[in-house]
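The following report looks at a two-chain complex, moving from overall composition to individual elements and contacts. Please read it alongside the sequence and the coordinates.

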Amino acid sequence: MTTRKGLPIVHDGRAQEQADGPASPPAHRSRDRSEDKPGREAPRCDDPRRRTFLKTAAAGAAMAALSGCGVEGFLRKHLKELSKEDVARLVAKLQREQERRFARKVTIDTSGPLEGVLFGYGLDLSRCVGCRRCVYACVKENNQSRAHPQIHWIRVLEMEKAQGVDLAHADVYYEADRVPREGHFYMPVQCQQCRNPPCVKACPTQATWKEKDGIVVIDYDWCIGCRCCMSACPYGARHFNWASPTLAADELNPDQHLLGNRPRPKGVVEKCTFCIQRTRNGRYPACVEICPVGARKFGNLLDPESEIRRVMDTKRVFVFKEELATHPQFYYFYAT
Amino acid sequence: MKDWIRAACLVAAAAAAVSAGGGEPPRAEAARPAARKAEQLVQAQPPPFSEGVYPCSQCHDKPGDRTRRALGYHDEIQAIFDHDAEHRWCLDCHDVANRDVLHLSNGDPVPFTESYRLCGQCHGDKFRDWRVGVHGKRVGAWNGAKTYFLCVNCHNPHSPRFKGVKEIEVGGRSVTQPTLELLAPLPRPQRPEEMRP
């Protein structure tokens, strides 16, 4: 993400337009954008004193709205355009903020994609028993809001064997003493890290993009909370912080990634990142390590020896909602 | 013209020499991935012995009776034994001469820490899948050292159909042990209406 290649086209006047953008979308929406642009405001505000006053007032209002978030957070460029030093400064600031909030030491990793790696994920539907261990391991690892709002990046669907993979008969709220229940199978759904991601196309601010290793990431500081990506995603993989996330200091995971599991503010969208903070450092995602039945497989799609490639070579594999041509990097398979 | 032909011959000869000499590097390369794999394959979790059961030679100190029969002890195992019970019994896998090891069908001893070799004799398809990481669970690094789980970390060898697993302590280490009950699911997610303040 620190690479400067393939930069998105970002409007020059954007930094000013964004002045009260990300953290306070209503103010952003209510303001007439044209007033910002010097060329256009001239005919309306020809009195230089009035113009100066308006500028000062606008700046003051912006400052008031920003309190606690810092000016540079709003005036900064897109993350992909930041220099290494800028990113380091941003990370240091975020770490300080968290240390104040949680009174704990945290580290925010910014490592980029590994060379020659394209992540792939396999889920064995013939093994999954629907115990939901993965759901809660994910919550713990990725600092999701625990309750009000409760955010789960993994949703385990219970389906009837007689119906097959049929969303009309799927139940995510199943309750049982023991699983698997007779006549049912289970299909966990999370971000499919599409090669052709509809969410990325829908984002109006380029706050979400696909990295070289295949992970679709979100810059939580750049997200304006419009939720266009959520309506674009056919897998329901994106989740919105309707209220300030609830996360106790002793439940915080201090090993974080800037684009991954760092605590999110209210009003932004979040989703599975294949545990970017773990996988970019060579570890398995948390859901893979917790799965008691070994149904979850993870590896490098470009390495023919990897587990995921072995699965694709030898098992019956399918992708979810193939007809939508999202080309997921998340594969379901049957090992038996 | 002659010079040109001589030069062409030289080039052809050189090319032939290179291709003949090239016979060796592929063999060396073929050996390398195997070495790399051996280095990365970390020993599996220890076998999930119940407290105080191992070493078996604590009680079985002399070679016993080889005839197949119902035993007057190990009731907890005999009660659940369901691993082709019609055809097999203890000493088909446990070694009669040294009770602290298992044995293959040809009689070669296998330590409990490598019991997958014994399982793989019959369940070859699962064994091959397990070896490449398709069957079963591994933890650690997706591109480096992994901890494998033995077959018996998830399947009770005496009643092998998978039911559930739990964590136990073996020698101060947390080890996965198969259970006889199915797993209980964790709580369902909140419905949207339950999340409203």
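Of the 197 residues of chain B, 16% count as buried, where buried stands for 20 or more other C-beta atoms within 10 Å of a residue's own, exposed for 12 or fewer and partly exposed for what lies in between, with C-beta atoms placed from the backbone. In chain A, which has 336 residues, the buried share is 39%. This is a predicted model, in which local features need a pLDDT of at least 70 and side-chain atom pairs count only at pLDDT 80 or more, while totals for chains, interfaces and linings use all residues. Residues are numbered from 1 along each chain as its sequence is written, and chains are lettered from A and ligands numbered from 1 in the order in which they are written.

The two chains can be set side by side. Helices (H or I, at least four residues) and strands (E, at least two) are DSSP runs numbered from the N terminus, and a contact joins two residues whose C-beta atoms, placed from the backbone, lie within 7 Å.

| Chain | Helices and strands | Share of contacts (separation of 6 or more) between residues 24 or more positions apart |
|---|---|---|
| Chain A | twelve helices, twelve strands | 67% |
| Chain B | seven helices, seven strands | 48% |

**Confidence**

For the complex, the predictor gives an ipTM of 0.75 and a pTM of 0.78. Among the elements of chain B, the lowest mean pLDDT (41) belongs to helix α2(B), residues 24–40, and the highest (93) to helix α4(B), residues 116–122. Throughout residues 9–39 of chain B the pLDDT is below 50, and this stretch has zero contacts in the model beyond near neighbours in sequence. Where pLDDT is low, the predicted coordinates should not be read in detail.

**Interface**

Between the chains, 27 residues of chain B are in contact with 38 residues of chain A. The side of chain B that touches chain A comprises 15 nonpolar, seven polar and five charged residues, with Ala, Val, Leu, Ile, Met, Phe, Trp, Tyr, Cys and Pro taken as nonpolar, Asp, Glu, Lys and Arg as charged, and the others, Gly among them, as polar.

Strand β11(A) runs antiparallel to β12(A), residues 330–334, and three bridges join them; R316(A) stands opposite Y334(A) in β12(A).

The buried residues of α7(A), among them V135(A), A137(A) and C138(A), pack against β3, β4, α11 and β10 of chain A. Not counting residues up to four places away in sequence, C138(A) touches W153(A), I154(A), A286(A) and C287(A). Just after α7(A), N143(A) takes a positive phi of about 55°.

**A hairpin in chain B**

Strand β6(B), residues 164–170, and β7(B) run antiparallel and are joined by seven bridges, with K166(B) opposite Q177(B) in β7(B). Two residues separate these strands in a hairpin, and G171(B) in the turn has a positive phi of about 55°. In the loop between β7(B) (173–179) and α7(B) (192–195) lies L180(B), which counts as exposed because it has 9 C-beta neighbours inside 10 Å. Leaving aside neighbours within four places in sequence, L180(B) is in contact with I80(B), S159(B) and K163(B).

Conventions. Two strands pair if DSSP finds at least two bridges between them. pLDDT is the predictor's confidence in each residue, from 0 to 100.
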